[in-house]
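Good morning, and thank you for making time for this presentation. I would ask you to look at the sequence and the structure as they come up, and to keep both in view while I speak.

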Amino acid sequence: MTLHRVLGLGVATLLLCGTAASAKTLVYCAEGSPENFTPALNTTGTSFDAARPALDRLIEFKPGTTDIRPGLAESWDIAPDGKTITFHLRKGVKFGATKGFKPTRDFNADDVLFSFGRQYDPANPYNKIGGGKYDYYNDMDLPKLLTSIEKKDDYTVVFHLSEPNVTILADMAMDFAAIQSKEFADAMLKAGTPEQFDQVPVGTGPFIFSSYQKDAVIRFKANPNYWNGRPPMDELVFAITPDPTARYSKLKTNECQIIPYPRPADLPEMQKDPELTVQSQPGLNIGYYSFNATKPPFDKKEVRQALSMAIDRGAIVKDVYLGAGQQAKNLIPPTMWAYNDAVKDYPFDPAKAKEMLAAAGVKTPLDVDLWYMPVQRPYNPDSKRIGEMMQADLAKVGVNAHLVSYEWGEYRKRLSAGEDTTAQYGWTGDNGDPDNFFFLLSCPDGKPAQNNATKWCDATFDADLVKARQIADQAERKKIYDEMQVIQHDNAPMLTLAHSVVFMPMRKTVTGYTMSPLGTHEFDHVDVK
Amino acid sequence: MIRFFAKRLLLTIPTFIALIFLVFVAIRLVPGDPVEVRVGEHGIDPARLAMLRHQLGLDLPLWRQFLDYLWQLAHGDFGRSLSTSNPVLGEFLTLFPATLELSVAAMTLAVVIGIPIGVVAAVKRGSVFDQGLMGLSVAGYSMPIFWWGLLLIMLVAERWGLAPVSGRLDFIRFDYDTPTGFMLIDSLLSGEDGAFLDALHHLMLPAIVLGTVPLAVIARMTRSSMLEVLSEDYVRTARAKGLSPFRVVGLHALRNALIPVVTVIGLSIGVLLAGAVLTETIFSWPGIGKWLIDAISRRDYPSLQGGIILISALVILVNLAVDLVYGIINPRILHGR
């Protein structure tokens with residue numbers, strides 16, 4: 001017996017002596033620490049994931065989809081004018097008790113009023129706590145859209161809108177709309193420690209928060225009274241492990257059972273490992289190559305179409321995404337309900353592209369700037385490399401592309417101001433509503449919106465966008481979105497490159513895990529054999 | 001003697017202010033705006049951007065920001081983190097014990113192994129043993145920490161299962177309060193069976209990785225200093241007197257040979273803390289290093305400034321202490337020059 005075997009045996013015995021605990025524990029090796037536990041204040045998926053086990057929202061996303069279903073609101077009615085939404089709240093829902101706080105009452109309308117009031121009402125005592133920045137509330141345009149929230153009775157809350165807009169229902173399923181305990185907030189205020197409120201998520205979720213050590217561990221216990229059924233695991237542990245290689249190692253040694261964000265280079269080995277399963281799904285995102293439609297020759301749609309055919313996206317997906325990407329033909333990913341599969345993708349056809357450029361009167365060689373992003377994003381793992389590949393393809397049709405980049409903040413600012421001619425960019429969806437993607441091409445009052453990198457403006461497209469927001473019927477909305485995808489394809493304001501594919505490696509013993517197209521990680525139904 | 005101490009102390013103050021200034025300016029020279037980083041692709045309307053900047057005081061001229069910052073510091077206020085809104089000093093103090101524990105363990109390892117290796121190599125100068133050890137120390141010195149850490153994880157933790165991959169404790173087995181932040185102490189205080197061994201077990205690999213470079217430096221330094229001392233007259237005299245080799249080497253030579261080694265240990269503190277950044281990242285060790293890396297990517301100015309200043313202050317103080325100790329050991333320094 002070799003020395004290391006002897007040592008190994010000793011250590012194994014040591015470990016076995018200690019693992020007498022009978023509670024069922026799921027360890028998730030999270031990629032980072034949360035900023036705090038109040039989603040309304042946060043912007044990162046890491047922070048949302050950390051608070052999510054303990055908190056519920058009025059509306060939830062059905063696991064594995066971007067469809068919505070009732071959450072803390074059992075049902076809702078939309079008034080005929082579309083400007084009033086009445087939520088009927090679930091009764092008998094308990095808050096979890098944590099160290100130093102025992103709830104005395106069930107969830108009710110006051111908690112809803114408090115959780116939103118904090119974000120819009122300067123008079124709310126928590127409005128300024130924790131920096132007072134409510135980015136998602138603002139980004140979803142709620143300051144303009146939501147005029148007031150009214151409590152009819154303990155279990156009825158009415159949202160008044162400035163104009164009809166059904167996308168607000170998907171917004172209510174987002175993390176920033178999580179419902180936290182008003183009673184806990186009051187208690188912390190009374191104790192003179194309101195900051196503590198954001199460090200402990202007290203909600204009605206499937207798990208109850210028990211402790212957090214910064215950069216090390218977050219612990220949850222199952223909520224025995226959960227309204228939607230107690231989760232199968234007794235304990236949920238987030239072991240914070242920022243390094244992807246370390247995460248993979250811990251998965252192999254069963255120190256954790258499930259990990260997010262594997263390194264693409266590790267995937268082939270993971271997929272071969274008989275003890276692991278790797279789930280995958282197209283991410284709710286789009287990487288694209290935008291043409292500035294206000295600058296010649298890109299004001300001609302034939303030129304944009306020609307360039308769309310000049311670039312070999314298949315090669316890009318293969319070489320740069322390393323299999324973790326799917327070539328895109330629409331702005332929205334195929335996991336969304338409004339996806340129009342009938343749209344016919346542009347083929348890679350340099351000869352045709354050259355012809356079209358000549359027909360459009362473009363003199364070659366044509367010099368253009370090709371902006372590449374200085375950062376890695378979920379939808380674009382290596383913008384510079386993609387830029388180089390595009391450059392080579394474009395050169396073959398007589399287009400000299402000059403690679404340009406700026407510091408990230410600067411890049412976005414200049415892009416938004418329309419200083420580019422062509423640029424790589426992208427988007428990660430927030431709430432699974434198609435509007436959250438199509439608004440990228442909007443032009444209110446005929447002027448391209450700030451987020452509209454292409455600066456392309458189409459009256460029909462924009463009118464459709466506004467119309468779709470006001471229709472509650474999903475089938476009706478889909479018809480409109482189908483049409484918008486056709487318009488977008490024909491006008492080619494941007495070449496849609498790829499949706500990244502997201503991977504979720506886990507031990508074979510893990511059951512019941514469903515990947516969310518929204519990129520959130522949820523463990524309500526997970527069990528370990 | 002007092003004059004020497006006072007002079008050294010006074011010199012520390014301008015060093016410190018220069019440091020604060022450098023850190024302050026350097027961070028702002030790096031492109032990127034904390035507010036923009038926060039917002040991402042979603043964009044933000046310019047009015048709100050301006051408002052956020054104003055709230056954070058980032059719209060003031062640089063000199064005003066610097067003076068405000070000095071004023072804050074003078075009151076012991078390191079500001080609040082831009083990403084978590086918690087006081088920077090509080091966050092630093094929560095995480096620092098982890099870094100300190102790791103650094104002390106690494107240094108202990110380096111000293112306990114490095115000095116004997118150096119002594120043996122010097123005594124057996126030129127032997128295969130000496131050449132082998134010194135070859136290894138060069139390897140240790142030039143080993144990239146990142147690679148070394150990953151190698152150990154793959155072999156020791158994954159393949160042989162002799163150590164945990166990362167973290168400070170087995171969270172499934174243990175759940176107790178950590179009042180001091182030092183896992184070795186807290187595990188003893190918790191009274192839970194096996195907790196101390198588990199904490200030690202978790203500390204093993206990161207301490208080896210972090211201790212490797214100082215170990216190599218200390219071993220080499222001990223060896224060369226020892227060689228010098230061994231050729232001195234008083235050692236020859238001691239040998240001639242017929243003292244046992246152990247007494248000659250252990251008592252006469254080693255004590256004198258250790259003086260430069262103490263300096264090296266002092267200087268290594270800075271190297272150690274720099275190495276801790278990488279080591280902590282590889283082993284998910286919740287210390288200052290990891291925290292600083294996050295602060296950089298989020299352009300979290302207050303955390304970054306506060307963290308660098310506090311760590312640098314520590315390095316400056318340790319060096320001051322080493323100078324003072326050195327002065328006491330070797331009085332020539334106090335009077336000469």
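Chain B is built with 14 helices and 0 strands.

Let me turn to confidence. For chain B the mean pLDDT is 85, and 95% of its residues reach 70 or more. Where in chain B is confidence lowest, and where is it highest? The lowest mean, 64, belongs to helix α14 (residues 332–335) of chain B, and the highest, 93, to helix α9 (residues 195–230) of chain B. Where pLDDT is low, the predicted coordinates should not be read in detail. As for the complex, the predictor gives an ipTM of 0.77 and a pTM of 0.83.

Next, the overall dimensions. The C-alpha trace of chain B spans about 85 × 55 × 40 Å along its principal axes. Of the 337 residues in chain B, 49% are buried. If one takes the contacts in chain B between residues at least 6 apart in sequence, 72% of them join residues at least 24 apart.

B:Q65 is found in helix α4 (residues 62–74) of chain B. Is B:Q65 buried or exposed? Its relative accessibility is 11%, so B:Q65 counts as buried. A polar atom of the B:Q65 side chain lies 3.4 Å from the backbone oxygen of B:L58. Leaving aside residues up to four places away in sequence, B:Q65 touches B:F24, B:R28, B:G57, B:L58 and B:L60.

I now come to the interface. Chain B contributes 54 residues to the contact and chain A contributes 59 residues. The size of an interface is often given as the accessible area lost when the parts come together. Here chain B and chain A bury about 4600 Å² between them, with 51% of it on carbon and sulfur atoms.

How many salt bridges cross the interface of chain B and chain A? The rule finds 3 salt bridges there, together with 7 residue pairs in polar contact, both residues at pLDDT 80 or more. On the side of chain B that touches chain A, the elements giving two or more residues are α2 (34–39), α3 (46–55), α5 (88–123), α7 (145–159), α9, α11 and α12 of chain B. The largest share of that side, 5 residues, comes from α7(B).

B:S284 shows the contact at the level of one residue. B:S284 sits in the loop between α11 (245–282) and α12 (288–297) of chain B. With a relative accessibility of 3%, B:S284 counts as buried, because the cut-off is under 20%. Its contacts, not counting residues up to four places away in sequence, are A:D215, A:I240, A:T241, A:P242, A:A246, B:S166 and B:G167.

The last topic is charge pairing. Side chains of opposite charge can pair when their charged atoms come close. Over all chains, a search of the whole structure finds 37 salt bridges. Why does the pair of A:K252 and B:E158 join two chains? A:K252 lies in helix α8 (residues 244–252) of chain A, whereas B:E158 lies in helix α7 of chain B. In this salt bridge the closest N and O atoms are 2.8 Å apart. A:K252 counts as partly exposed, at 28% relative accessibility.

Two further pairs lie within chain A. The side chains of A:D393 and A:K396 meet in a salt bridge at 3.8 Å, N to O. A:D393 is buried, with a relative accessible area of 11%, while A:K396 is exposed, at 56%. A:K467 and A:D464 also meet through their side chains in a salt bridge, at 3.9 Å, N to O. These two residues are 3 residues apart in helix α16 (residues 459–469) of chain A, and so are separated by about one helical turn. A:K467 is partly exposed, with a relative accessible area of 45%, and A:D464 counts as buried, at 5% relative accessibility. Finally, A:R52, A:R57, A:E60, A:D175 and A:E522 are linked in a network of salt bridges.

Thank you for your attention.

Conventions. Residues numbered from 1 in each chain as written. Chains lettered and ligands numbered in written order. Heavy atoms only, no water. pLDDT = per-residue confidence, 0-100. Helix = DSSP H or I, 4+ residues; strand = E, 2+ residues; numbered from the N terminus. Buried < 20%, exposed > 50% of the residue type's maximum accessible area, 1.4 Å probe, protein only. Contact = heavy atoms within 4.5 Å. Buried area = accessible area lost by both parts, 1.4 Å probe. Salt bridge = Lys/Arg side-chain N within 4 Å of Asp/Glu carboxyl O. Polar contact = N/O pair within 3.5 Å; in protein donor to acceptor, adjacent residues only side chain to side chain.
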